[in-house]
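Reader: Let us walk through this model by question and answer. Keep it short, please.

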Amino acid sequence: MKVPVRYILFCLFISAFCVCPAQNKKTDSLRAIYNNKAQADTNRLKAISALVSYYRESNPDTAIILGKQQLQLSNSLPSERGRAWAAQTLINLGVSFFRKDNYEKALGYYLESLKIYEELKNKSGIGDCYNNIGNIYKMQSNYPKALEYHFKSLKIKEETQDKKRIGRCYSNIGLVYKDQSNYPKALEYYLKALKICEEIGDTEGVGTCYNNIGLVYDNESNYPKALEYHLKNLKIVQKTGNKRELGNSYMNIGVIYHKQSEYGKALEYYFRCEKIYKEIGDEKGMGSCYTNIGVVYKDQLNYSGAIEYYLKDLKICEEAGDKQGAGICYGNIAIAYNNLSNFKEAVRFSNSELQISKEIGDIDGERESYQNLSDIYYKTGKYKEAYESHVKFKTLTDSIFNAENSKQLGDMKTNFEVEKKEAELKIKAEAQQAVSAEEKKKQQIIIYAVAGVLILVMVFSFFLFNRFRITEKQKKVIEEQKVLVDIAYADLHEKNKEVMDSIYYARRIQRSMLTSEKYIERHLSRLMHKN
C-alpha cells in the first residue's frame with residue numbers, strides 16, 4: 001500500500017513539534033538552575049556545563065558565550081575546587097572554538113587548562129589536554145607535534161589504566177598516520193583501538209573504529225572492504241541514535257558507492273545524509289551533501305541537476321561567510337554551465353570565482369578560473385581572450401611550481417622529514433626507556449631473589465658451622481675421656497698383671513714346697529701292695 005506524501009509530511013511535522021518542545025524544556029530547565037543563585041554553585045556549574053555540551057555541536061557561538069559565563073563562576077569558587085572547574089571549562093571553550101575551525105583560539109584555551117592541571121597535579125586532566133592539543137596540531141598538518149602530544153596522552157592514560165581513553169588515543173594516533181598517508185600504521189592503531197573498545201564494551205567506540213578502518217580502505221581504493229566497515233558502523237550508529245554520526249555514516253557510504261560509479265545508491269545515501277543534517281541543523285554538513293549530490297549529477301551528465309545543488313551549497317557558504325567554499329561553488333557552477341553551452345553564465349560564474357580567489361589570495365582558485373575562462377572563450381571563438389586567459393593560467397601555474405617554490409617545498413619536506421624522524425626517535429627512546437625500566441625491574445627482582453637465597457644459605461651455613469663446632473667439642477671431650485679411660489684401663493691392667501704375677505708366684509712356691517698328689521698316690525699304692 002502506497003502511503004500518501006501528505007501523510008508523511010504531516011507525521012514529520014508532528015515529530016518535529018514534539019521533539020523541539022522536549023529539547024527546549026530541557027535547556028530551559030538547565031538555564032533555570034544556572035540563573036537561580038540560591039542553588040549551590042556546584043549545581044549551577046553542572047547545569048551550565050550541560051548547556052555548553054548541548055550547544056557545542058549545533059551552535060558553537062552560544063556554547064562559547066555560556067562557556068565564558070561558566071568560567072567566571074568557576075573562578076569565583078574556593079581555590080582548588082574552583083580551579084578544577086576552570087580547567088574543565090577552558091577545555092570546553094577550546095572544543096567550541098575547535099568546532100568553529102578557530103584552532104589558534106582553541107589551542108590557547110587548551111594550554112591554559114594544561115597549566116592549571118599541572119599545578120593541581122591532575123594526571124587525567126593533563127592527559128586530556130595533551131590529546132586536545134594533539135588534535136589541534138593534526139588539523140594544522142603539524143603531524144610530528146600531533147604525534148608527540150598524542151603519545152604523551154597515551155602514556156598518561158596507560159599509567160592511570162583508563163582503557164576508554166587509551167582506545168581514543170590509539171584512534172587519534174591512527175588519524176594522524178592516515179593524514180600522513182601511512183595507511184599500514186593507521187590501520188595498526190585503529191585495530192588496537194577496536195580491540196580495547198570491544199574489551200570494555202564501548203559500542204560507540206567500536207563504531208568509530210569501524211568508520212576509521214573504512215576510511216583507510218577507502219584511501220587504499222579497496223572499496224569493498226571500505227564499504228564492509230562503513231556498513232558495520234552504520235548498524236551501530238543506528239542503535240545508538242547519534243544523529244550526527246548517522247549523517248556522517250550515510251555520507252561515507254555514499255562516497256564509496258559514488259567511487260564505484262553506483263550513482264543510484266550514492267544518491268540514496270547522500271539524500272539520507274541531507275535529511276539528517278537538516279534535522280540537526282548542521283548547515284556545513286548540508287553544504288557538503290549538496291556538493292556531493294551535484295558531483296554525482298555532473299558525472300551522470302545531468303548538468304542542470306548539478307547546478308541546482310551547487311547553488312544550494314553556494315547559498316550556505318555565502319550565508320556562513322565561507323569565501324573559499326563559495327569560490328569552489330562558483331567554479332563548479334561555471335564548469336556545469338560550460339558543459340551546457342551556456343557560456344554567458346559560465347563566464348559570469350568564472351569571473352565570480354576569479355574575483356573571490358583574488359580577494360582571499362587563493363592562487364590555485366585564481367589559476368583554475370583562468371583555465372575555465374580560456375576554455376569558454378575558445379569555444380565561443382574569442383581566441384584573443386582565450387589566449388590571454390591561458391597565459392595568465394600558465395603564469396600562475398609556473399608561479400606555484402617555479403624553482404624557488406620547489407626549493408621551499410623541498411626545504412619544507414626536509415624539515416618535515418627531520419621533525420618526523422625526531423618524533424620517531426623520541427618515541428623509540430621513550431619505548432626503549434620503558435623496556436629498560438622493565439628490564440631493570442626484572443633485574444632487581446632477580447637480585448632480590450639471589451640475595452634472599454644467599455641469606456638463606458648463609459643462615460644455613462652458620463647453623464651447620466655452629467653444629468660442627470658443638471660436634472667438634474663433643475668429639476674432643478669424648479677423645480679426652482677415651483684417653484683417661486685408656487690410661488685407667490692400662491693402670492688396671494698393670495695392677496691386674498701384678499696381682500696375677502703374685503698369684504702365679506705363690507702358686508709356684510706352693511708347688512715347690514708341697515709333694516705332688518701323684519707322687520703320694522704312687523707310694524701309697526706301693527705300700528698297700530707290700531702289705
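This is a predicted model: local features need pLDDT of at least 70, side-chain atom pairs count only at pLDDT 80 or more; totals for chains, interfaces and linings use all residues.

Reader: How far apart are the closest N and O atoms of R244 and D282?
Author: R244 forms a salt bridge with D282. Such a bridge needs a nitrogen within 4 Å of a carboxyl oxygen. The closest N and O atoms of this pair are apart by 2.7 Å.

Reader: How many residues separate R244 and D282 in the chain?
Author: R244 lies in helix α12. D282 lies in the loop between α13 and α14. The pair links distant parts of the chain, and the separation is 38 residues.

Reader: Which helix holds E279, the salt-bridge partner of K243?
Author: The side chains of K243 and E279 meet at 2.8 Å, N to O. K243 lies in helix α12, residues 243–259. The pair ties together parts that are 36 residues apart in sequence, because E279 lies in helix α13.

Reader: Are K243 and E279 buried, partly exposed or exposed?
Author: K243 has a relative accessible area of 39%. E279 has a relative accessibility of 41%.

Reader: What does the salt bridge between K284 and D101 tie together?
Author: The two side chains meet at 2.8 Å, N to O. K284 lies in helix α14, and D101 in the loop between α4 (79–99) and α5 (103–120). The pair therefore ties together parts whose separation in sequence is 183 residues.

Reader: Is K284 buried or exposed?
Author: K284 has a relative accessible area of 58%. Exposed means over 50%. K284 is therefore exposed.

Reader: How many salt bridges does the structure hold?
Author: The pair K284 and D101 is a salt bridge. So is the pair K243 and E279. The count for the structure is 27.

Reader: Turn to the rings. How do F151 and Y189 pair, edge-to-face or stacked?
Author: The ring centres of F151 and Y189 are 6.2 Å apart. Their planes stand at 80°. Over 60 degrees is the rule for this class. The pair is edge-to-face.

Reader: Which helices does the pair F151 and Y189 connect?
Author: F151 is buried, at 11% relative accessibility. Y189 is buried too, at 8%. The two lie 38 residues apart in sequence, so the pair ties together helix α7 (residues 143–159) and helix α9 (residues 183–200).

Reader: Which residues are linked by ring pairs into a cluster with F151?
Author: F151 pairs with Y189. Ring pairs also bring in other residues. Besides F151, the cluster holds Y170, Y177 and Y189.

Reader: What class of pair do Y210 and Y229 form?
Author: Y210 is in helix α10 (residues 203–219) and Y229 in helix α11 (residues 223–240). Both are buried. Their ring centres are 5.9 Å apart and their planes are at 50°, so the pair is tilted.

Reader: Which residue lies over the face of Y229?
Author: A charge sits over a ring if it is within 6 Å of the centre. Here the distance from the ring centre is 4.7 Å. The residue over Y229 is K232.

Reader: Which helices do the buried residues of α15 pack against?
Author: Helix α15 covers residues 303–320 and reaches 26 Å. Its buried residues include Y303, Y309, Y310 and L314. The buried residues of α15 pack against α13, α14, α16 and α17.

Reader: Which residue just after α15 takes a positive phi?
Author: Helix α15 has 18 residues. The phi just after it is about 75°. The residue is G321.

Reader: Last one. Is L45 buried or exposed?
Author: L45 is in helix α2 (residues 41–58). L45 touches residues including L73, L77 and W85. Its relative accessibility is 0%, so L45 counts as buried.

Terms used. Residues are numbered from 1 along each chain as its sequence is written. Side-chain values use heavy atoms; hydrogens and water are left out. Helices (H or I, at least four residues) and strands (E, at least two) are DSSP runs, numbered from the N terminus. The expected span of a helix is 1.5 Å times one less than its number of residues. Buried means under 20% relative accessible area, exposed over 50%, partly exposed in between (1.4 Å probe, protein chains only). Contact means heavy atoms within 4.5 Å. Rings of Phe, Tyr and Trp (its six-membered ring) pair if their centres lie within 6.5 Å; planes under 30 degrees apart count as stacked, over 60 as edge-to-face and the rest as tilted. A charge sits over a ring if NZ of Lys or CZ of Arg is within 6 Å of the ring centre and within 35 degrees of the ring normal. Lists of a residue's contacts leave out its neighbours within four places in sequence.
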